[in-house]
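Good morning, colleagues. Please have the sequence and the three-dimensional view open before you, as I shall refer to both throughout.

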Amino acid sequence: MSAWRDLLHAGGTGGLSWHVQAWRAQTRWQATVNHLDAFLGKVHPNSQHLLLIGSSAGWMMPPSWLARFQRIDAYDIDPLAGRLFTRRHGAHLKQHGVQVTHHRQDALATLPELLRQHPDACVWFDNVLGQHRFRVRDVARAEKDLGELKGTLAGRHWGSVHDLYSGPTQGQAQPEAVMPRFKVVGSPGADISQALLSSVGAKGEWRDHLTQDVFPTGTATHLIPWAFRHDDWHWLQAGWVTGELTG
């Protein structure tokens, strides 16, 4: 029974139900993947080795970004992640000579040790930090954990895409029509946050994912819309620390 529970829920990260939903939503999510691809195209990592945290099946990962590395160590607690990631991206990465090793591991809990093991690797958090408060179910702990990340990663080239806010909408906004018009430095202020919600027809109560202060002060970030469902949208924040950005 525990093995089935693990497959279905993957420690609170979604498990099989997440993968089924992601597979069905690929067309609707493509606009968000394209925006993320454009952002990552301006990032210049200082290493050919990537620690990919929260890899899942790579549903939101642009193939062009992954193919820029010679070696990827991918971490996820989901027992299906490695197999599905290989199914989606394996052939493309093999063609580009990228060596991928999958680890079933809670990389957030063991991050300091992973950094010691791989001193020259850069780090990318793939849509995982915004889920932390819901996994631990403790707001104070989640804020503390997320706030400490920038100190743990000091001196390292690293980046993340994660949820800022999510919630119900009127169901009328189209993914292709909502552009990532917001490039901000530091935490989004109240005016920007309201503009984000208005642009997708938000209604009701939205969830705050406690990620406003993940990046160091002064980091330029891009805010990207994600039509998770047609009437349930997320605003993602993408940023890169220490690496050079152009454009």
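Arginine 137 is exposed, with a relative accessible area of 75%; here buried means under 20% relative accessible area, exposed over 50%, and partly exposed in between, computed with a 1.4 Å probe on protein chains only. Its place is the loop between helix 7 and helix 8 (139-152), where helices (H or I, at least four residues) and strands (E, at least two) are DSSP runs numbered from the N terminus. Although arginine 137 is not a glycine, it has a positive phi of about 55°. Most residues other than glycine have a negative phi.

A word on the source: this is a predicted model, in which local features need pLDDT of at least 70 and side-chain atom pairs count only at pLDDT 80 or more, while totals for chains, interfaces and linings use all residues. Residues are numbered from 1 along each chain as its sequence is written, and side-chain values use heavy atoms, with hydrogens and water left out.

Serine 56 also has a positive phi, of about 50°, and is not a glycine. Serine 56 lies in the loop between strand 2 and helix 4 (63-66). Is serine 56 buried or exposed? At 11% relative accessibility, serine 56 counts as buried.

I turn now to strand 5. Five of the five residues of this strand (residues 122-126) are buried, so it is largely enclosed by the rest of the structure. Cys122, Trp124 and Asp126 point one way, and Val123 and Phe125 the other. Strand 5 pairs in the parallel sense with strand 2 (residues 49-53) over four bridges; two strands pair if DSSP finds at least two bridges between them. Valine 123 is the bridge partner of leucine 51. Strand 5 also pairs in the parallel sense with strand 6 (residues 158-168), over four bridges, and there tryptophan 124 stands opposite glycine 159.

Asparagine 127 is in the loop between strand 5 and helix 7 (132-136). Asparagine 127 is buried, with a relative accessible area of 16%. Leaving aside residues up to four places away in sequence, asparagine 127 touches Met60, Val161, His162, Asp163, Trp226 and Leu236, contact meaning heavy atoms within 4.5 Å.

Next, the nonpolar cores. Such a core is a set of buried Ala, Val, Leu, Ile, Met, Phe, Trp, Tyr and Cys residues joined through side-chain atoms within 4.5 Å. The largest has 33 residues, of which Trp29, Leu36, Leu52, Trp65 and Trp124 touch the most other members. Which helix gives the most to this core? Helix 3 (residues 26-40) does, with five residues. Apart from this core lies another, of 22 residues, including Leu115, Ala121, Val128 and Leu153.

Finally, the aromatic rings. Rings of Phe, Tyr and Trp (its six-membered ring) pair if their centres lie within 6.5 Å, and planes under 30 degrees apart count as stacked, over 60 as edge-to-face and the rest as tilted. By this rule there are eleven aromatic pairs. The rings of tryptophan 18 and phenylalanine 228 have centres 6.3 Å apart and planes at 10°, so this pair is stacked. Tryptophan 18 lies in helix 2 (residues 15-24) and phenylalanine 228 in strand 9 (residues 220-229), so the pair ties together parts that are 210 residues apart in sequence. Both residues are buried. The rings of tryptophan 29 and phenylalanine 228, with centres 5.8 Å apart and planes at 20°, are likewise stacked. Ring pairs link Trp18, Trp29, Trp226 and Phe228 into a cluster.
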